[in-house]
Amino acid sequence: MAVFTSVTLDDLSQWIKQFPLGKALALKGIASGIENSNFFLTTERGEFVLTIFENLDFAQLPFYVQLMRHLAERGVPVPAPVPNDRGELVVALHGKPATIVSKLDGSSQMDPQPVHCAEVGATLAKMHLAGQDFALRQPNLRGLDWWIETVPKVLPFLDADKAALLQSELAFQRAFAGGPVYAELAHGPVHADLFRNNVMFVGERLSGCFDFYFAGWDSWLFDIAVTANDWCIDLDSGRLDHDRVLALTRAYHAVRPFTDAEAQSWQTMLRAAALRFWLSRLYDLHRPREAEMLTPHDPTHFERVLRERIAVPAPDLTA
Ligand SMILES: Nc1ncnc2c1ncn2[C@@H]1O[C@H](COP(=O)(O)OP(=O)(O)OP(=O)(O)O)[C@@H](O)[C@H]1O
Ligand SMILES: N[C@@H](CCO)C(=O)O
């Protein structure tokens with residue numbers, strides 16, 4: 001992630017005392033990502049990740065950090081937040097909310113094969129099941145309401161062809177979300193951003209999922225569609241690779257079988273997931289924030305993905 005807020009080891013020398021982590025020994029800004037300020041933090045007790053939240057306030061954060069704790073306690077491989085001496089998981093640093101979580105082993109698999117997609121599918125299903133009894137509720141803040149609010153803000157920057165696609169897809173998704181099949185879809189806390197760069201592998205074994213800061217209450221199917229649109233595609237064309245899609249969906253289905261309503265909604269949900277990221281990337285591109293290091297994501301990629309999903313059906317969910 002980009003570093004928006006500067007932090008030095010000196011800044012941490014007093015602050016870290018409230019955590020059972022000993023002294024802070026090293027701190028290194030992480031330059032990937034676009035939402036928060038992240039640092040690898042080495043202390044006398046080991047390796048951690050320090051995150052300072054740039055866009056989320058104290059009221060929103062319990063949902064994310066408690067969800068991570070809830071999932072970690074149920075054996076889902078996610079970073080475990082470290083409480084301070086008052087039991088708090090979110091603490092102010094430079095006036096902004098901050099958290100320390102355990103560092104996961106492994107590295108991202110940016111060139112996934114079916115075996116990796118199967119790991120991701122099975123883990124996602126376990127995550128959905130483990131989240132069923134999570135008590136806190138927060139909507140997906142990048143869900144339909146946000147799309148409705150944000151489309152008019154980016155339209156002035158688009159040519160007529162792109163503007164027409166964005167508007168017609170939003171209308172299509174609004175109609176779908178208001179219909180009877182959508183109402184039958186299972187909902188719960190979902191990750192909503194489980195891209196390749198948010199998952200760690202050690203060899204072919206998935207060792208962890210992180211970056212829960214877009215998590216919210218949404219349909220499980222939306223989460224699967226977001227994941228498939230990143231893990232199972234040819235990156236140049238946006239086309240789905242059927243072997244990888246089937247590896248992901250079959251592994252998910254083996255843990256948590258799909259319903260008829262989900263099977264019926266699959267093609268539409270893949271389009272919704274493409275729209276969500278096209279829109280957020282357009283928004284981020286045209287309304288950039290200041291940052292010491294910033295790597296903007298390319299909106300055109302998800303425009304291509306959306307056009308592909310409209311033109312070419314994915315394999316059936318229960319194939
Ligand atoms: N718990 C963790 N364990 C190991 N590495 C981590 C952990 N959390 C974050 N990282 C590293 O930090 C990088 C950035 O983190 P993260 O993806 O959460 O940032 P972000 O700004 O929210 O990014 P994004 O654009 O993906 O939303 C990751 O790519 C990963 O390398
Ligand atoms: N995964 C998002 C970035 C926010 O996490 C994207 O690729 O646009």
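This is a predicted model: local features need pLDDT of at least 70, side-chain atom pairs count only at pLDDT 80 or more; totals for chains, interfaces and linings use all residues.
**View 1. Helix α3, mostly tucked inside.** Of the 17 residues in α3, 13 are buried, so the rest of the structure largely encloses this helix. Here, buried means that 20 or more other C-beta atoms, placed from the backbone, lie within 10 Å of the residue's own. Helices are DSSP runs of H or I with at least four residues, strands are E runs of at least two, and both are numbered from the N terminus.

Residues are numbered from 1 along each chain as its sequence is written, with chains lettered from A and ligands numbered from 1 in the order written.

**View 2. An open sheet of 5 strands.** The strands line up as β1-β2-β3-β5-β4, with antiparallel pairing; two strands pair if DSSP finds at least two bridges between them. β1 (24-29) and β4 (91-93) are at the edges with a single partner strand each, so one side of each has no neighbour in the sheet.

**View 3. Zooming in on β1 and β2.** These antiparallel strands are joined by 5 bridges, with β2 taking up residues 37-43. Leucine 27 has leucine 41 in β2 as its bridge partner.

Note on methods. A residue is buried if 20 or more other C-beta atoms lie within 10 Å of its own, exposed if 12 or fewer, and partly exposed in between; C-beta atoms are placed from the backbone.
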